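Please read this report alongside the sequence and the model. It goes from the whole chain down to single side chains.

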Amino acid sequence: MAKGAKINYNFDEHSEDEFYKAAVLIYKMLMLNIGVFTGATIDLIAFNKAIEIYNDVRTTPFYIGIGGDISSARTAVQEIITVNGTWFNTFCNGVVTLLNKTGYPMAKDAESQGKLDATVLTLTPTLLPGGMSFLISHIAASRIKYGIMYTPATNTDNNPANWTGFFYAAGQRDGVIINLPSKVDYKFSSFAMGTERDITYSAPVFIAAL
């Protein structure tokens, strides 16, 4: 027995694909071992259904608002993982052989975040003139904020950090930028911002609003 051993049930740092695989592993392990956990009230049928809904949404071709739908479906799965993860930690009381039967990963000490990877930016003009819908790819790290730099395509400076006056602070990974001039080509670049000051920008995307 490892003193103080616990499972990790906070998957905020997981990418969408990693989160899905982790949830499926937990479900499969619990299907095999649920009888070991006397008193557990997890509804495995509901858990599996939530995972299926999440996977269906995240693999759907891009549409305006998909980021919010993915987030909602993921939250539904995470809530089940969190509630039952806290119960398993209490029940197993540090016994590693029991904790391993849950399918949850073991908790580790916090590590340095380091420089974040580049994001991928997807843009689609909205039907409303001057609007631009965006989706920023997920970065596997905690306490992340996202933003978008943009500038007229005629700007020859290829460093987004220098595009002063053209910045959109994204409250979440999807949304709509408004009040862009219609039919004017702009270049956009997204980024994730964590504890490191060194920012990696996405490849530029050239597009005009309707």
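The report below covers the chain, its sheets, its salt bridges and one surface patch.

## Basis of the model

This is a predicted model, in which local features need pLDDT of at least 70, side-chain atom pairs count only at pLDDT 80 or more, and totals for chains, interfaces and linings use all residues. Residues are numbered from 1 along each chain as its sequence is written, and side-chain values use heavy atoms, with hydrogens and water left out.

## The chain as a whole

The chain holds four helices and seven strands. Helices (H or I, at least four residues) and strands (E, at least two) are DSSP runs, numbered from the N terminus. Along the sequence the pattern reads α-α-α-α-β-β-β-β-β-β-β. Along the principal axes, the C-alpha atoms fill a box of roughly 65 × 35 × 20 Å.

Of the 210 residues, 38% count as buried. Buried means under 20% relative accessible area, exposed means over 50%, and partly exposed lies in between (1.4 Å probe, protein chains only). The accessible surface of the chain is about 11,700 Å². Carbon and sulfur atoms account for 56% of that surface. Areas come from the Shrake-Rupley method with a 1.4 Å probe; for residues, only the protein chains shown count as cover.

How much of the contact total comes from residues 24 or more positions apart? Such pairs make up 69% of the contacts with a separation of 6 or more. A contact here means heavy atoms within 4.5 Å.

## The three-stranded sheet

Strands S1, S2 and S5 form an open sheet in the order S1-S2-S5. The pairing is antiparallel. Two strands count as paired if DSSP finds at least two bridges between them. Strands of a sheet pair through backbone hydrogen bonds, either parallel or antiparallel.

The edge strands are S1 (121-125) and S5, each pairing on one side only. Neighbouring strands of this sheet are turned by 25° against each other on average, direction ignored. Axes are lines fitted to C-alpha atoms, for helices over the stretch in contact, and angles run from 0 to 180 degrees between N-to-C directions. S1 and S2 (residues 132-136) pair over five bridges. Opposite Leu-135 in S2 stands Thr-122.

## The four-stranded sheet

The order in this open sheet is S4-S3-S6-S7, with antiparallel pairing. S4 and S7 (205-208) are the edge strands. Each has a single partner strand, so one side of each is left without a neighbour in the sheet. The twist averages 30° from one strand to the next.

S3 (residues 145-152) and S6 (residues 185-193) pair in the antiparallel sense over eight bridges. Tyr-150 faces Phe-188 of S6 across the pairing.

The model has four salt bridges. The rule asks for a side-chain nitrogen of Lys or Arg within 4 Å of a carboxyl oxygen of Asp or Glu. Which residue does Glu-16 meet at 3.0 Å, N to O? The partner is Arg-74. Glu-16 lies in helix H1 (residues 16-33) and Arg-74 in helix H3 (residues 66-92), so the pair ties together parts that are 58 residues apart in sequence. Glu-16 is buried, at 15% relative accessible area. Arg-74 is buried too, at 10%.

Glu-16 also bridges to Arg-173, with the closest N and O atoms 2.6 Å apart. Arg-173 sits in the loop between S4 (167-170) and S5, and Glu-16 in H1, so this pair joins parts 157 residues apart in sequence. Arg-173 counts as buried, at 17% relative accessibility.

Asp-17 forms a salt bridge with Arg-58, the closest N and O atoms being 3.5 Å apart. This pair links H1 with helix H2 (residues 44-58), 41 residues apart. Asp-17 is partly exposed, at 34% relative accessibility. Shared partners join Glu-16, Arg-74 and Arg-173 into one network.

## A nonpolar patch

Ile-64, Val-176 and Ile-178 make a nonpolar surface patch of about 260 Å². Patches are made of residues with over 30% relative accessible area and no salt bridge; like charges are joined within 9 Å, and nonpolar side chains (Val, Leu, Ile, Met, Phe, Trp, Tyr) within 5 Å. Val-176 lies in strand S5 (residues 174-177). At 35% relative accessibility, Val-176 counts as partly exposed.
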